[in-house]
Each structure stands twice: as structure tokens, then as C-alpha cells.
2 protein chains.
Amino acid sequence: MDKTANRQGRRIVLTKMLADNPGQLFSLGHFCTLFGVAKSTLSEDFEAVRQALAAFGLGRLETVAGAAGGVRLVPVKTDAATHDLLAGLAEKLATPDRIIPGGFLYMSDILFSPRLMAQVGEVFLTSFAAAAPDHIMTVETKGIPLAFATARAFNLPLVTVRRGSRVTEGTAVSINYVTGSSRRIQTMSLPKRAVPAGARVLIIDDFMKAGGTARGLMDLALEVGATVAGIGVLVATAEPAAKLVDSFLPLLILREVDEHNKKTDIRPAL
Amino acid sequence: MDKTANRQGRRIVLTKMLADNPGQLFSLGHFCTLFGVAKSTLSEDFEAVRQALAAFGLGRLETVAGAAGGVRLVPVKTDAATHDLLAGLAEKLATPDRIIPGGFLYMSDILFSPRLMAQVGEVFLTSFAAAAPDHIMTVETKGIPLAFATARAFNLPLVTVRRGSRVTEGTAVSINYVTGSSRRIQTMSLPKRAVPAGARVLIIDDFMKAGGTARGLMDLALEVGATVAGIGVLVATAEPAAKLVDSFLPLLILREVDEHNKKTDIRPAL
């Protein structure tokens with residue numbers, strides 16, 4: 001393996017490494033050793049990468065000064081890209097063949113699409129970066145890929161709350177909660193070691209109707225001594241308008257699923 | 001937004017787009033329009049990207065000829081990188097604080113780590129590329145991030161089998177299966193529309209003991225008219241040596257969890 005690289009090659013390799021590890025801080029020394037070049041040379045490389053990515057809306061290269069400093073690529077999405085993404089998702093979700101008896105929408109193919117969820121994760125990063133979470137939290141099952149992609153964009157650990165409680169994860173904290181729409185009592189639990197006290201969690205889920213699940217996740221976070229930095233959901237229903245949580249960010253609003261006429265009204269919220 | 005880019009800028013942008021969309025075929029025309037340059041110029045750019053990434057073991061740039069052709073970045077991992085990754089995982093998993101009463105290992109933090117799972121996904125891509133799957137399949141819950149990362153590396157849809165059956169996913173195919181170790185009968189189900197007949201599925205899971213779950217997933221795949229292109233698991237136990245599936249690829253072998261002496265013997269299998 002030929003590890004010498006000219007300027008062209010270096011910038012390609014730098015870009016690939018930064019893109020593969022969004023949010024991760026690389027020390028300049030790391031790259032100096034890798035390429036055998038001086039810091040001043042690398043600084044020019046980073047400036048070129050920063051400008052090229054910024055010009056095409058492909059993320060923000062941040063420089064952190066000081067001994068513990070370095071560079072990281074924060075994969076923020078532009079407003080235009082966010083708008084295109086959400087308009088495309090709304091269109092996909094509105095096709096008549098997604099309506100399932102009972103007025104549900106089939107969303108699993110979208111929720112398990114790596115390419116789409118990677119992009120939605122970057123939208124949540126862009127929206128919640130200022131809230132400075134240190135953990136992403138979700139509940140099984142369908143929200144996991146979305147929350148995982150969000151955690152990847154933030155470079156943060158993901159914590160997955162289980163329904164019921166499982167023996168293979170050690171001591172767990174459980175709470176009962178009432179699902180907002182069907183009024184059933186359910187249990188969910190969190191391995192105690194997954195979230196340290198004082199953590200700031202960002203709650204991410206795929207769908208919100210009355211908000212009972214999100215409320216339960218909030219309560220569980222508070223129970224382990226964490227604070228809630230925000231709540232983001234991919235789709236929220238317009239009704240009921242009053243949810244069980246006060247503040248949350250939906251990306252799409254589902255206004256109606258008309259099973260009889262096979263029409264779905266779903267719109268971008270950003 | 002300034003969309004004109006010199007050669008340097010172009011190669012940075014190309015690398016970022018290819019890295020963000022592993023396995024996705026981009027037509028040359030797409031980039032010609034984006035940058036306003038001729039195909040011959042782009043071909044030189046791709047050759048530079050290909051060489052730089054190959055020199056640093058960061059994936060293989062493939063050119064597909066013909067009218068429907070283009071370029072794609074296949075994020076294959078080198079043997080050396082795979083070895084380092086698995087040795088690191090084995091070391092992490094062997095720490096005494098992971099042993100949970102009952103002889104279980106706490107693995108959730110690793111299974112939900114975006115950075116680690118992205119790399120494990122690339123190992124499965126490298127191992128199973130020749131099997132040419134067209135869907136990745138897993139079962140909820142803890143294997144989802146790993147299977148999702150594998151699906152991302154392959155640029156394939158992920159299909160998640162549910163335990164029990166859920167109303168919000170339409171017509172489902174269910175099977176009963178016997179868990180190999182505890183001999184309990186369980187149900188799992190798959191939305192009928194998630195896997196077309198004739199599909200080639202690669203089954204990915206986090207853990208295998210007797211292989212009952214993998215056997216159930218295989219049977220479910222066959223039930224919907226799919227064929228099984230392979231089975232990959234992150235950790236398989238050494239005992240029982242005879243599993244309920246004939247052929248599978250484990251990345252780590254768990255030989256013993258000695259609860260009394262707080263010692264875990266786990267080793268890379270590749």
C-alpha cells in the first residue's frame with residue numbers, strides 16, 4: 001500500500017475519512033503522521049475541503065483550536081436540500097397503495113431505507129445541533145434506523161428503550177405509560193447503564209399521534225436523571241392537536257388518511 | 001452557492017458524494033451537468049479518486065460501462081482493517097463489567113454504536129458481495145443497527161421481521177419457530193410486501209447460540225418465495241457446536257463467559 005500521496009490524493013483521502021466519520025474530531029497530528037506533511041500544508045488542504053463542501057451544500061468543516069483541537073465534518077443540510085427531501089417523502093407516503101385497512105400508512109420500506117434515513121438524520125442534526133444533546137434515545141422498533149442515522153450524524157451513542165424488560169441487559173429502569181390513542185397501559189424499560197445521570201438526550205421517533213410514547217420516553221429519561229434536549233419525529237398527525245408533550249419537532253404532518261377515497265394528505269412541516 | 005469548481009474542488013465534491021452513497025451508481029452525465037465539464041475530464045477525476053482511495057484501503061471505485069453505466073464506490077474493507085476492527089471488538093467485549101448475572105454479555109452499547117456498526121457492515125459487505133443479495137433481512141431488536149449498516153454498505157433495502165404480528169404493516173406472513181436454546185415456541189412475521197418472490201436475502205443478526213432464530217428467518221424467507229444468499233452474525237457461541245443452520249459466517253466466537261471468575265473468552269473468527 002503506497003501511503004505517499006500528493007496534494008490531490010491527500011484531499012481525496014481526507015474527504016473520505018471525514019465523510020465516513022461525521023462529527024468525529026480528528027487531530028491535525030493524526031493526518032500529519034498519516035501523510036508525512038507539515039501542519040501548514042494540511043491547513044491549506046482543509047481550507048480547500050471546507051470551501052468545496054460549502055459551495056455544494058455538503059456539510060460544514062469545523063476547526064477546533066487548541067491542544068485538544070482538530071477538524072470535524074458536521075453534515076448539516078441546507079434548507080433547500082431539506083425542503084426537497086421532505087417534499088419527496090410526502091409524495092412517496094401519499095400513494096394510495098400505502099393505505100392499510102384501519103387507516104394506517106405503510107411506512108416500513110421508507111423507515112428501513114438506509115439512503116433516506118441517512119438524510120433525515122442530517123435534518124435532525126441540523127435542527128437540534130444548538131440543543132447540544134449527548135445521547136440519542138428511541139424506542140423499538142420502527143424508529144431505530146432513523147434514530148441510528150441521527151446518532152451517526154451527531155456522532156453520539158444511541159440508546160434504545162425496550163418494550164417490556166429483557167434479561168440480557170442487566171439492571172433496568174422500567175416505567176408504565178398510557179398510549180395516548182388506544183389508552184392501553186404499557187411498560188418500557190432502559191438498561192440502567194445506557195444513560196448516565198446528567199445526560200442530555202434527544203428523543204427521536206418515527207411517528208406521533210397523541211404523544212403517549214414520547215411522554216413515556218421523556219419520563220423514563222427524567223427517571224434516570226437525564227434531561228431532555230428535544231423531541232423529533234418524522235411524522236406527526238394533525239389530530240389530536242393537543243399532544244401529551246409540549247414541545248416537539250415534526251418533519252411531516254399527516255392531516256388525513258381517507259381510506260374510502262384512497263387519498264392521503266401529508267405535508268412537509270419545515 | 002458557487003457551483004463552478006476547479007479540479008481540486010471537483011474531486012473533493014465527488015469523493016463526498018460517493019462516500020455518502022455507498023454502492024449507488026452515479027451516471028457520468030449526472031456529474032458532467034453538475035460541474036459543467038466533459039466526460040473525459042471526469043474520467044481523469046475518477047481515476048485520481050480510485051487511486052487515492054485504493055492506496056489508503058478506503059474502498060473500491062467501480063466503473064460500469066455502457067448507456068446505463070456510471071461509477072460507484074464499494075466500501076470494501078481490507079483484511080488488515082477487518083482484523084484490527086474484530087480484535088478491538090473482542091477486547092471491548094471481554095471486559096469483566098459486561099458480564100450480567102446469568103452469564104449474559106452486555107453488548108447494547110456496541111450494537112447501537114453508529115461508528116462501530118458502520119464498520120461491521122462493511123465487513124459483511126466484503127464477505128458477502130460475491131453472494132449478490134438483493135435484500136438484507138434481520139429480526140427486531142438489537143440486530144437492527146448492524147443490519148441497517150450492512151444494508152447501507154450494500155445499498156440495499158432492509159427488511160425487519162417482527163416478533164408477533166403488527167396491524168400497521170398490512171398482510172403479513174407468520175411462522176412459528178422454536179428457539180434453539182430455551183426450546184420455547186415463538187412467532188415472527190414479515191409484511192408480505194416487504195420481500196418480493198424470487199428475492200435473494202442476506203440474513204444478518206447480532207448473536208447466535210443454537211441458531212433457532214436464524215433457522216426461523218430462513219424458513220420465513222423461503223415461505224415468501226425468496227432464497228437465502230447467506231447468514232452473517234456478529235457473535236456466535238462456540239457451544240453448541242452443531243447449530244440449527246448449516247452455513248453461516250460469524251465475525252466473533254464466544255467460547256466462554258465465566259461468571260465466577262469474571263472472565264470472558266471471545267475471539268475474532270476472521
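Visitor: Where is A:Glu122 placed?

Guide: A:Glu122 sits in helix α6 of chain A. Keep in mind that this is a predicted model.

Visitor: Is A:Glu122 buried or exposed?

Guide: A:Glu122 is buried. Its relative accessible area is 17%, and buried means under 20%, so A:Glu122 falls on the buried side.

Visitor: Which residues is A:Glu122 in contact with, leaving aside neighbours within four places in sequence?

Guide: There are three names to note: A:Pro75, A:Lys77 and A:Ala153.

Visitor: Zoom out for me. How many helices and strands are there in chain A?

Guide: Chain A has eight helices and 12 strands. Its C-alpha trace spans about 65 × 45 × 35 Å along the principal axes.

Visitor: What share of the residues of chain A count as buried?

Guide: Of its 270 residues, 55% count as buried.

Visitor: And the contacts in chain A between residues at least 6 apart in sequence: what share join residues at least 24 apart?

Guide: For those contacts in chain A, the share is 60%.

Visitor: Now the two chains together. How many residues of chain A are in contact with chain B?

Guide: On the chain A side, 61 residues are in contact with 61 residues of chain B.

Visitor: What area is buried between chain A and chain B?

Guide: About 5400 Å². Carbon and sulfur atoms give 65% of that area.

Visitor: Which residues in chain A lose the most area to chain B?

Guide: Those are A:Ile12, A:Phe56 and A:Phe148. Together they make up 14% of what the chain A side buries.

Visitor: Which elements give two or more residues to the side of chain A that touches chain B?

Guide: Among them are the chain A helices α1 (7-20), α2 (28-35) and α3 (39-55). Strands β4 (104-105) and β6 (158-163) of chain A are also included.

Visitor: Which one gives the most to that side of chain A?

Guide: That is α1(A), with 11 residues.

Visitor: What about charges over rings? What does A:Arg193 lie over?

Guide: A:Arg193 lies over the face of B:Tyr106, 4.2 Å from the ring centre.

Visitor: Okay, rings with rings. How many aromatic pairs are there over all chains?

Guide: A search of the whole structure finds 11. One of them joins A:Phe26 and A:Phe31. That pair is tilted, with 5.2 Å centre to centre and 40° between the planes. A:Phe26 and A:Phe31 are both buried.

Visitor: Why is the pair of B:Phe31 and B:Phe35 stacked?

Guide: Their planes are at 15°, and planes under 30 degrees apart count as stacked. The ring centres are 6.2 Å apart. Both residues lie in helix α2 (residues 28-35) of chain B. They are four residues apart, about one turn of the helix. B:Phe31 and B:Phe35 are also buried.

Visitor: Which residues do ring pairs link into a cluster?

Guide: The cluster holds A:Phe26, A:Phe31, A:Phe35, A:Phe46 and B:Phe56.

Visitor: Back to salt bridges. How many does the structure hold over all chains?

Guide: The structure holds 24. One of them pairs B:Asp45 with B:Arg11, with the closest N and O atoms 2.7 Å apart.

Visitor: Which parts does that pair tie together?

Guide: B:Asp45 lies in helix α3 of chain B and B:Arg11 in helix α1 of chain B, so the pair ties together parts 34 residues apart in sequence. B:Asp45 is buried, at 0% relative accessible area. B:Arg11 is buried too, at 7%.

Visitor: What distance separates the closest N and O atoms of B:Asp265 and B:Arg255?

Guide: In that salt bridge, the distance is 3.7 Å. B:Asp265 lies in strand β12 and B:Arg255 in strand β11 of chain B. B:Asp265 counts as partly exposed, at 23% relative accessibility. B:Arg255 is partly exposed as well, at 46%.

Visitor: Which residues do salt bridges with shared partners join into one network?

Guide: That network joins A:Arg10, A:Arg11 and A:Asp45.

Definitions and conventions: Residues are numbered from 1 along each chain as its sequence is written. Chains are lettered from A and ligands numbered from 1 in the order in which they are written. This is a predicted model: local features need pLDDT of at least 70, side-chain atom pairs count only at pLDDT 80 or more; totals for chains, interfaces and linings use all residues. Side-chain values use heavy atoms; hydrogens and water are left out. Rings of Phe, Tyr and Trp (its six-membered ring) pair if their centres lie within 6.5 Å; planes under 30 degrees apart count as stacked, over 60 as edge-to-face and the rest as tilted. Buried means under 20% relative accessible area, exposed over 50%, partly exposed in between (1.4 Å probe, protein chains only). A charge sits over a ring if NZ of Lys or CZ of Arg is within 6 Å of the ring centre and within 35 degrees of the ring normal. Contact means heavy atoms within 4.5 Å. Buried area is the accessible area (1.4 Å probe) that two parts lose on being put together, summed over both. A salt bridge is a side-chain nitrogen of Lys or Arg within 4 Å of a carboxyl oxygen of Asp or Glu.
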